[in-house]
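Subject: Structure for you to look at

Hello,

I am passing on the structure below, with notes on what turned up in it. Please open it alongside this message.

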Amino acid sequence: MIIYITIFIVLIFLLLAIGFFLLRQWTKKPDVDYVLKFIAKNPERASLFIKKNGHNIVRVQSDQLFPLASTVKIIIAIEFAQQAANKDINPAEKINIEDLSRFYIPGTDGGAHEAWLNEYGLINKQTVTLREIAKGMISHSSNANTEFLMMHLGLDKINANLEKLLLTGHEQIYPFVSALFIPYEIAQQKRFNIHDKKDVKKIMEYMENMSETAYIEETIKIHNKLSQDFAGKYKDQVNIKSWYNNAFDRLVSERFVRSTTAEYILILQRMNEEIYFSKDVRDYLQMIMEWPMNRGKNQKRFKRLGGKGGSTAYILTYAFYAEDKLGNKTELAAFFNDVYGYETIKLSNSSSDFQLAVLTGDSKWERKIKSFFAP
């Protein structure tokens, strides 16, 4: 009897292992149709807007607010381009790399900051130009670069641009790297023990009940502390690795800046056309935003291609624009929220193929997309 039970248990574990292996292999494989099926089946968790040559191809939940993750960095890139064109900043100004390190929180950006420094041979350099910082914010999604630029450009000016761009639904941008430290600051203020499970629940409840104004004010206070933290004493004191967990990460994701795919399509159209922005602003934007054009394959397919994506464990977003060799102009914005586990992995691994299919698609591909969302 014991032998049969043992064999049964072994078989169960074997089946689970095989199932896990097959699921892992499936999530790794890009699947354009999976993206479309997911949006069609989960409209409350997804938003899609595709425009081609000025015509709407498909709109799903395009006026609903979704958290943006790093796609919000497009707004900061626009402010950078405008200030550079107006000579309010000097893109060639050299910044000490240690100044960026104030805002670098290891283990929180998927290695983006270090990847940027390594790829461009900056790891052993003492300085880097503002231009390179802006490009690293978009091409590699460096959060440290982003928060530095919030300080350097002025958060008030970045947010004032939302009104100038007629983005009436776009929420206020705040220092989202600094937001990671909010649990620690609450623990300090309320004298909670951030390592105690009961107190952690109290901290989370407090965060959930914070008003938007209070939450943003707290991020700015932390941002100001980091801006003065040249020696890294504040970060060492916080010691985020010792207490940060998935529950805190989910709360931070839920409080992320939100906007709509409709508003980001408007931004993308303005970048894809040569009307809205002045030539000087366009030149800087192309330098920052059109990083995919550094790849030979894209140079063969497109006259221009630019955009930005973002992700957390629960959010996936991207917004891209392109003009192909025939002069066809396409804009794509897709936002996903409250995705988890295999969904996040599958959607992420399918993103590049989906983007390419949309930006290079012919009339047959357009009909296929429309068929997924036919009333």
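In which helix does L100 lie? L100 is part of helix α4, which covers residues 97–101. Please keep in mind that this is a predicted model.

On confidence, the chain has a mean pLDDT of 90, and 92% of its residues reach 70 or more. The exception to note is residues 14–23, where the pLDDT is below 50. That stretch has one contact in the model beyond near neighbours in sequence. Where pLDDT is low, the predicted coordinates should not be read in detail.

Back to L100. Its relative accessibility is 0%, so L100 counts as buried, the cut-off being under 20%. Setting aside neighbours within four places in sequence, L100 is in contact with H113, W116, V128, I133, A144, N145 and F148. From K41, L100 is 59 residues away in sequence and 42 Å away in space, C-alpha to C-alpha.

One of those partners, I133, sits in helix α6 (residues 130–139). I133 is also buried, because its relative accessibility is 0%. Not counting residues up to four places away in sequence, I133 touches I95, L100, W116, V128, N145, F148 and L149.

Next, a helix pair. The axes of α3 (residues 73–85) and α15 (residues 279–289) come within 8 Å and cross at roughly 135°. That angle makes α3 oblique to α15. The crossing of α3 past α15 is right-handed. On the α3 side, the residues that meet α15 are I74, A77, I78, F80, A81, Q82, A84 and A85. On the α15 side they are D280, V281, Y284, L285, I288 and M289. By class, this contact has twelve nonpolar residues, one polar and one charged.

Last, a strand residue. Is G309 buried or partly exposed? At 22% relative accessibility, G309 counts as partly exposed. G309 belongs to strand β7, residues 302–311. Leaving out residues up to four places away in sequence, G309 touches S70, T71, S141, T317, Y318 and F320. The C-alpha atoms of G309 and K190 are separated by 37 Å, and the two residues are 119 apart along the chain.

Regards

Conventions:
Residues numbered from 1 in each chain as written. Predicted model: local features only at pLDDT ≥ 70, side-chain atom pairs only at ≥ 80, totals over all residues. Heavy atoms only, no water. Helix = DSSP H or I, 4+ residues; strand = E, 2+ residues; numbered from the N terminus. Buried < 20%, exposed > 50% of the residue type's maximum accessible area, 1.4 Å probe, protein only. Contact = heavy atoms within 4.5 Å. Axes fitted to C-alpha atoms, helices over the stretch in contact; angles between N-to-C directions. Parallel < 35°, antiparallel > 145°, perpendicular 65-115°, else oblique. Left-handed = near helix turned anticlockwise from the far one by under 90°. Nonpolar A, V, L, I, M, F, W, Y, C, P; charged D, E, K, R; others polar. pLDDT = per-residue confidence, 0-100.
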